Amino acid sequence: MAGGGDAALQRRTGVWWDLNTCPVPDGFDPRRVRGCIESAVHKQMGHRSKVIIYAMGNLEYISSALLEEIASSGIVLIHAPCGGNDFKNLLREWSQLNPSSPATTVMLISRNYTMMMTVNEDEPLCICDICYDTFEICAEFITHLKSEEHIKELSGIVPRDSWYCKPMHFCHVCNYPGYDEYNMLLHNQSEDHCRKLDESRKRLISLPRETSLTSYVLNESNKTFLSRKKRKDKLY
Ligand SMILES: [Zn+2]
Ligand SMILES: [Zn+2]
């Protein structure tokens with residue numbers, strides 16, 4: 001960044017970029033995103049400021065190559081699929097991490113209008129909001145998102161069915177608990193899931209057609225049915 005001086009650098013703008021609802025456009029070099037956001041901010045504000053950019057959302061299903069490219073351009077990665085879209089929480093987190101230099105402007109790039117976020121650019125590069133873990137090396141963060149440890153932590157916070165205490169959203173193919181329908185949708189569309197689904201279809205080709213290989217959602221009617229069935233069973 002040329003010019004501007006110290007005064008400009010004391011003005012800070014926190015930009016929170018929702019990678020799930022606003023992905024990098026096809027054919028666009030991900031390493032150029034940072035520069036584009038910075039110029040858009042300067043143009044919008046009419047003066048220069050220090051711009052800190054956070055790419056957030058459910059990062060489990062974003063390709064490793066893309067995450068590496070985004071991180072290498074100096075954008076901070078934050079995996080926050082559960083509650084990461086609560087604007088107030090995120091702003092509170094920003095001010096806790098930057099007590100001496102709060103952002104003067106916050107910008108949101110998202111199609112989900114309920115979100116926002118920011119932190120310190122000297123802080124670690126990648127954050128898992130599920131495990132409260134931070135990583136300075138992007139590759140370690142990516143490995144973490146696929147680790148058993150991370151899935152175990154996720155499993156501990158996902159909503160569960162009150163009758164069987166099983167996760168409300170669960171993929172039996174990958175043994176993956178989802179936080180909500182949207183995260184389950186991201187999971188079901190992911191390369192990992194499709195590959196595993198393919199493999200298990202090949203392996204279990206002899207199973208009856210009704211066998212569920214994809215995720216289930218235990219909805220109200222299922223629950224009612226199950227509890228009725230249980231009560232009826234007791235009568236005999
Ligand atoms: Zn984690
Ligand atoms: Zn799956």
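Where is the place of serine 73? Serine 73 sits in the loop between α3 and β3 (76-79); helices (H or I, at least four residues) and strands (E, at least two) are DSSP runs, numbered from the N terminus. Serine 73 is buried, at a relative accessible area of 15%. Buried means under 20% relative accessible area, exposed over 50%, and partly exposed in between (1.4 Å probe, protein chains only). Leaving aside neighbours within four places in sequence, serine 73 is in contact with Arg31 and Arg34. Contact means heavy atoms within 4.5 Å.

This is a predicted model, in which local features need pLDDT of at least 70, side-chain atom pairs count only at pLDDT 80 or more, and totals for chains, interfaces and linings use all residues. Residues are numbered from 1 along each chain as its sequence is written, chains are lettered from A and ligands numbered from 1 in the order in which they are written, and side-chain values use heavy atoms, with hydrogens and water left out.

Now the confidence. pLDDT is the predictor's confidence in each residue, from 0 to 100. The protein averages a pLDDT of 76, and 68% of the residues score at least 70. Over residues 116-121 the pLDDT is below 50; this stretch has 38 contacts in the model beyond near neighbours in sequence. Residues 213-236 also have a pLDDT below 50, with 32 contacts in the model beyond near neighbours in sequence. Where pLDDT is low, the predicted coordinates should not be read in detail.

Next, the core. A nonpolar core is a set of buried Ala, Val, Leu, Ile, Met, Phe, Trp, Tyr and Cys residues joined through side-chain atoms within 4.5 Å. The largest one has 35 residues. Those with the most contacts inside it are Trp17, Leu19, Leu59, Leu67, Ile70, Leu77 and Phe141. At least two residues each come from β1 (12-18), α2 (33-45), β2 (50-57), α3 (64-72), β5 (126-128) and α5 (138-145). The largest share, four residues, is from α5.

Arginine 11 lies in the loop between α1 (5-10) and β1. Arginine 11 is partly exposed, at 33% relative accessible area. Its C-alpha atom is separated by 7.9 Å from that of arginine 48, 37 residues apart along the chain.

Last, a helix pair. Helix α7 (residues 181-189) and helix α8 (residues 191-203) pack at about 60 degrees, with axes 5 Å apart. Axes are lines fitted to C-alpha atoms, for helices over the stretch in contact, and angles run from 0 to 180 degrees between N-to-C directions. α7 and α8 are therefore oblique to each other: angles under 35 degrees count as roughly parallel, over 145 as roughly antiparallel, 65 to 115 as roughly perpendicular and the rest as oblique. His187, Asn188 and Gln189 in α7 meet Glu191, His193 and Cys194 in α8.
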